[in-house]
Protein chains: 2
Amino acid sequence: MVIIRDEFSIINSITPSSLKNKDVLVGIGDDAAVINSPKHLIVCVDTMVEEIHFTKQTMGLEDIGYKSLAINVSDIAAMGGKPLYYLVSISIPNAWSDEEIQSIYKGMEQCASLYQMDLIGGETVSTRGPLTIAVTALGKMESGRFTKRSNAKAGDIIFVTGSLGDSAGGLDILLNDYIKHTDDHSYLIKKHQRPTPKVDLGLQLAKINRVSLNDISDGLSSELYEIAEASSVSMMIEEEAIPMSTSLKNLYGKDQSLQYALTGGEDFELLGTMPSEDFHQLQQLTEQKGWSITQIGEVILQEDKPEVFLVKKNNPILLTKGGYNHFSEER
Amino acid sequence: MVIIRDEFSIINSITPSSLKNKDVLVGIGDDAAVINSPKHLIVCVDTMVEEIHFTKQTMGLEDIGYKSLAINVSDIAAMGGKPLYYLVSISIPNAWSDEEIQSIYKGMEQCASLYQMDLIGGETVSTRGPLTIAVTALGKMESGRFTKRSNAKAGDIIFVTGSLGDSAGGLDILLNDYIKHTDDHSYLIKKHQRPTPKVDLGLQLAKINRVSLNDISDGLSSELYEIAEASSVSMMIEEEAIPMSTSLKNLYGKDQSLQYALTGGEDFELLGTMPSEDFHQLQQLTEQKGWSITQIGEVILQEDKPEVFLVKKNNPILLTKGGYNHFSEER
């Protein structure tokens, strides 16, 4: 019943000739990997499925690989951790060639190089369905402080890194085959295909005594609710404060850009809360480093039934997880 | 583009109310898990895909869950490790109900209970393809000794645990809908649906100074070649010594049973090599514990181009990875 592609030829072609971390005791090629582990180990799994998270139209082969690792690195960044290792389970349809699969691994390695990560294991299996890549990433907590979703308290400021909505704009461009590509188009496409997880910023944020942190994979509204619910707090954010790129606003105007920021997702920026005095102290450093971090609102109340409000022209509007003018289409 | 099932209701229903290991610092429900890690951490990923590794005909829902974790536990056993934690990435087609998915998680928990493992993370995603379950398992090495495939040396004995071929026999029964089920049928079916990874035996074997170890997922021939190639040695095994269950021989006769043992796979027993003096010492303990471990041959030569021979009626026959009378159908 089992259809097996020549796993060894792929494994040989992707096995790195040298390792970046000296703490890999047994790497690719045995039943399991063994590492000299950091004391506080972070571990997460994130999966990309063809036709659900990407198509060959929206992502180049190397982009698919790059992003499948980047979304995991982003989870580690949201725990204030430093990424170290990754393992890959890839389910391959017959129609995909070995060369295409190798391009995907090449893209993963491009992401891994940025963060000094080593590929230490995984497997390839056949599937009669779409290409499916499940990546497991391991990292270490350096600060000993947990940047948990449940850390928010009334009075905290709410912040995000970078700009929001770009990835959704890029996806729209890719799906709609715009004839002419300006620099604005290219910028948004790159933000969709090659997001940059905010590892250095996450490591810095984890030094603060109490910070809650999420990475923005599902859109700002949804991520705000995750923190609000885990912390039992309500929140208020300001429309005018939400950072959006000039490229996004040029191409999509104010309303659509806001929609993308609130519900588009896949920006892989960091969202969180911290005491305002810590935020003011942090700003000197972020200016020095050139990091983009913006206050977008405040945690307003401690309560059992958390709500998130968007202040739009001085009117607070109740947000849902799926945005502000419709209920979520998620089931 | 993203279709999302209500991930939270599934996550809530599978989140354990208590943890078996006190070293879970952040469990399910944040961007990533954080553990107080053992010094030598073992990590592996193994995936089961519907229509490739199972169908609803061959496996009950809980069996699917049980086995998707068991195959990972078996990898940890083959590293001489103790399993501790697991994470699950499950890609779910629309046709599968939440209740079915919960039954799969229930089966995983049944396996996890046997080995005192905790579910610490993962995610559910939608797919337009078959159900796909990628499990990441973490464990610890207790002995500090590596049971690597490359540890075999000329003069070592070759051993296997348990009996081989049962899983392939069970699969044949399931695929062919035998009308009457005897105890022999039930025994083989159970061996296919609920394999028992040999964790205690693996932990014991890791105490030996030098042992090579593999778990038998792809069939004896293929696994022997993995050790032979990793160690640059040739091997000789005896047909008569290969342990096969009475149930298998009753139902399939000698020749077909041998075929299943050599190429059937999915037995998840352990295969390995060690110095013969260590094997003799070990036998007292295995008898005492009731563990089944059988010498099936010897490592005969150190050489660059490894070969594995099966002695059949005093004639050595060259095995291929796919068995002895045909070349592998794998590509």
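Biologist: First up, is His53(A) buried or exposed?
Modeller: His53(A) is buried, because its relative accessible area is 13%. Buried means under 20%, exposed over 50%, partly exposed in between (1.4 Å probe, protein chains only). This is a predicted model: local features need pLDDT of at least 70, side-chain atom pairs count only at 80 or more, and totals for chains, interfaces and linings use all residues. Residues are numbered from 1 along each chain as its sequence is written, chains are lettered from A and ligands numbered from 1 in the order written, and side-chain values use heavy atoms, without hydrogens and water.

Biologist: Where does His53(A) lie?
Modeller: In the loop between strand S3 (40-49) and helix H2 (61-78) of chain A. Helices (H or I, at least four residues) and strands (E, at least two) are DSSP runs, numbered from the N terminus.

Biologist: What does UniProt place at His53(A)?
Modeller: The feature "binding site", from an unreviewed entry, which also lists Glu266(A) and Tyr324(A). Such annotations may be inferred rather than shown by experiment.

Biologist: Switching to chain B. How many residues of strand S5 are buried?
Modeller: Nine of the 10 in S5(B) (residues 118-127), so the strand is largely enclosed by the rest of the structure.

Biologist: Which strand does S5(B) pair with?
Modeller: S4(B) (residues 81-93), in the parallel sense, over nine bridges. Pairing needs at least two DSSP bridges. Leu87(B) stands opposite Gly121(B) in S5(B).
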